Amino acid sequence: MTKGKKKNKKENSRGKRKPQKRSSLNKYTIENIINLLNSSPESSFSLRQINKEVRIKSQTDKDKLKYILAQMAEEGKLQIKGKKYQSITLENEISESRTATVDFVNPKFAFLIVDTKVDEEPQEDIRVVITNMNRALHGDKVEFTTFYNRNRNRTEAKITKILKREKDEYVGQLQVSDRFAFVAASDRKMFFDFFIPRDQIGEANHGDKVIVKMTQWKPNDKSPTGKIIKILGKAGENNTEIHSIMFEFGLPFEFPKEVEAEANMIPDEIPEEEIKNRKDFRNRTTFTIDPLTAKDFDDALSIRKMKNGHYEIGVHIADVTHYVRPGSQLEEEALKRATSVYLVDRTVPMLPEKLSNGLCSLNPNVDRLAFGAIFEMDEDGKIHKQQFGRTVIHSDRRFTYEEAQERIESGKGDYQEEINILNDIALKLRNQRFKNGAISFESVELKFDLDEEGKPIGLTPKIRKDAHKMIEEFMLLANKRVAESIFRKKQDGKPCTMVYRVHGDPDPDKLAQFATFAKRFGYDLNLSMKKLPQTLNKLTDEVEGKPEQNIIEQQAIRTMAKAVYTTTAEGHYGLGFAHYTHFTSPIRRYPDMMVHRLLQHYLDKGKSADENEYEDKCKHSSAREKVAADAERASIKYKQVEFMSEFLGEEMEGTISGLTDWGMFVELNDTRCEGLIRYSSMTGDQYIFDNDAMIVQGVRYKEKFQLGDPIKVIVKETNIEKRSIDFELV
């Protein structure tokens, strides 16, 4: 047998070449290296750091990497500084440092809300990825630079310095292990857990809701280190969870002792000298109409038939500023809080109880100091005369809305005649307001029935009836007329400084999106700005009582601009008023206190007030109003989750209220509770969200889901900590 040639070692027994191990230094890895360097253009990376970040595992490829990087440098894809590698982004491509506030979106990135000077145009928000956050957190004031990210074809930011932390204390649930512990923060904008050394736990136990204080966050640590400073209680208990929400949103648990002491020193009696300086309305028929559970009464109505057949109608508002004087502790605390906050089971008041439920509250059968807007009106609601000023009143009766509504519907009961006269006039005022361009969209409010321990045992939407609308109409009238009155006052040819409640015109792009959304339900909208109010009001009538009503009304509200406080008289689009303010709730809103002071100042022939001072207070009040609204929503969501925990496994009917990349939100028809169906839980097909078409569709069987579709779900899971409800599709 002839001896054959020696086989090549790289060939197998059949003579074929063995497959070579594929190098991980492919095009994808090189792109990852460029992305890594460009994500932090001012930083340089060692060979070891690059190996770790792009996950090169084989030793052969690690050895090759150095030569690949040198070749990339020759090609102008990166630069070498000593033994480190850096992005080719040039110094002149990095902007000068500016300041901004961090707005975290998700664990991967945030936006920076750029600070601008008075004479500058507002800047667009700038994206910053997590690797460029420099340990900044949501709400922090930071210094940053910008650079152009070639790979993503956009300008991005890099945070260079944290100027001020918004907060360093967070609430969360403690998890304890043998060697260490950590706290998962409840704040949805906090994406890092706190590492807690065992000696910093104190007396807290596993599962407790606690307040943790950040003690340090070293540059190379993934998570901040903290210590437990307060134990709120066991997670899931009512007081624990409500206190958790209060702390999360920075709401005070009590008044400072010096503020309470100052309030308690105010005499209960009204001096006769004070009454002599006011318009006396104690002989007028006067009453309040408020919710059953209300404890503070801001407003009262008086009515008297005049000899000429007209009606003298007084809108009397608690004279808070008589008791809360500038420079006092009460004033400073009221400004700091700026608003009362109405959580599901309690109120966090702006003023101490001595004032809010006592001296300032327009309680029945006692004399009270008020600020009045007095109108001479005919039965058609036309105003013939008006006057504003300080009054003294004596409320004859405290009505609940239900009691007032009973008199409207039956025409029977004490003061039914006065209530029905006021209601008839209010209906005419309301009709005229809508003719003048007011929009009628309203959000649905939920009413919880709670047991003695604060657990929800019932949940129903609140229904607004004529009694509610009657009070609302006279409050709107007073607010509007006060704003108009001061706007007409001029100094040096300019309107005097005033606090306005403004609501800007809707954004055309958002309107177009809403029109597309409404069309899916078969509603065509005329987007002409002149006809838009009538169009939206017509839509309100058409959707009433239909499954999609709440969803369409919520989307319409989101389309509108947010109302704010300002000294600029820009009008209120939603109400159709050229000038509007808040005058009618000074017990619970600081802006109303400002309006009372300004109104009296101008009635006393005072000069125009300092615009900058009042504008700063307006901005602060708007910010606190948003915090209050967020806290109220959080408490409602918590109670909804707690309520729905009693219905696990039950089938319910709902409507698709939102679509995302990860699931469909469904609002239950009966309770208005909203939960999520995750696509991963939907069996039988793979479901994909089409953002452009705003539909979810199965890949194989093409089953479609879209906003407003009726749907049946099973309550799968509730999570009080995350305030979330998970559904399964039936």
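I started with Arg 284, which forms a salt bridge with Glu 312; the closest N and O atoms are 2.6 Å apart. For a salt bridge I required a side-chain nitrogen of Lys or Arg within 4 Å of a carboxyl oxygen of Asp or Glu. Arg 284 sits in the loop between strand S14 (279-280) and strand S15 (285-290), and Glu 312 sits in strand S17 (residues 311-318), so the pair ties together parts that are 28 residues apart in sequence. Both Arg 284 and Glu 312 are buried. I took buried as under 20% relative accessible area, exposed as over 50%, and partly exposed as in between (1.4 Å probe, protein chains only).

A note on the source: this is a predicted model, in which local features need pLDDT of at least 70 and side-chain atom pairs count only at pLDDT 80 or more, while totals for chains, interfaces and linings use all residues. Residues are numbered from 1 along each chain as its sequence is written, and side-chain values use heavy atoms, with hydrogens and water left out.

**Entry: the whole chain**

I looked up the overall figures next. The chain has 16 helices and 36 strands. Helices (H or I, at least four residues) and strands (E, at least two) are DSSP runs, numbered from the N terminus. The C-alpha atoms fill a box of roughly 135 × 55 × 55 Å, taken along the principal axes. Of the 730 residues, 47% count as buried. I then checked contacts, meaning heavy atoms within 4.5 Å. Among contacts in the chain with a separation of 6 or more, residues 24 or more positions apart account for 64%.

The accessible surface of the chain comes to about 38,900 Å², and 47% of that surface belongs to carbon and sulfur atoms. These areas come from the Shrake-Rupley method with a 1.4 Å probe; for residues, only the protein chains shown count as cover.

I also looked at charge. The chain has 119 positive and 118 negative charges, and their mean positions are 10 Å apart. Lys and Arg count as positive and Asp and Glu as negative, with His and the chain ends not counted. Each charge is placed at NZ of Lys, CZ of Arg, CG of Asp or CD of Glu.

**Entry: more salt bridges**

How many salt bridges does the structure hold? I found 42. I followed up two further pairs.

Lys 455 and Glu 646 meet through their side chains in a salt bridge (3.1 Å, N to O). Lys 455 lies in the loop between strand S23 (446-450) and strand S24 (456-461), and Glu 646 in the loop between helix H16 (611-644) and strand S29 (651-659), so this pair ties together parts that are 191 residues apart in sequence. Lys 455 is partly exposed at 34% relative accessibility. Glu 646 is also partly exposed, at 48%.

Arg 672 and Glu 667 form a salt bridge at 3.4 Å, N to O. Arg 672 is partly exposed, with a relative accessible area of 22%. Glu 667 is buried, at 11%. I also noted a network: salt bridges that share partners join Arg 430, Arg 433, Arg 464, Glu 472 and Glu 473.

**Entry: strand S9 and its partners**

I traced S9 on both pairings. Strand S9 (residues 169-176) pairs with strand S12 (residues 208-216) in the antiparallel sense over five bridges. Two strands pair if DSSP finds at least two bridges between them. Tyr 170 stands opposite Val 212 in S12. S9 also pairs with strand S10 (residues 181-185), antiparallel and over five bridges. Val 176 has Ala 181 in S10 as its bridge partner. S9 and S10 form a hairpin, with four residues between them.

**Entry: positive phi**

Most residues other than glycine have a negative phi. I noted two residues with positive values. Lys 702 has a phi near 65 degrees. Lys 702 lies in the loop between strand S33 (695-698) and strand S34 (704-706). Arg 723 has a phi of about 55 degrees. Arg 723 lies in the loop between strand S35 (710-719) and strand S36 (724-729). Arg 723 is buried, with a relative accessible area of 7%.

**Entry: Lys 336**

Where does Lys 336 lie? I placed Lys 336 in helix H7 (residues 329-337). Lys 336 is exposed, with a relative accessible area of 57%. Leaving aside neighbours within four places in sequence, Lys 336 is in contact with His 620 and Arg 624. Lys 336 and Met 350 are 14 residues apart in sequence and 8.8 Å apart in space, C-alpha to C-alpha.
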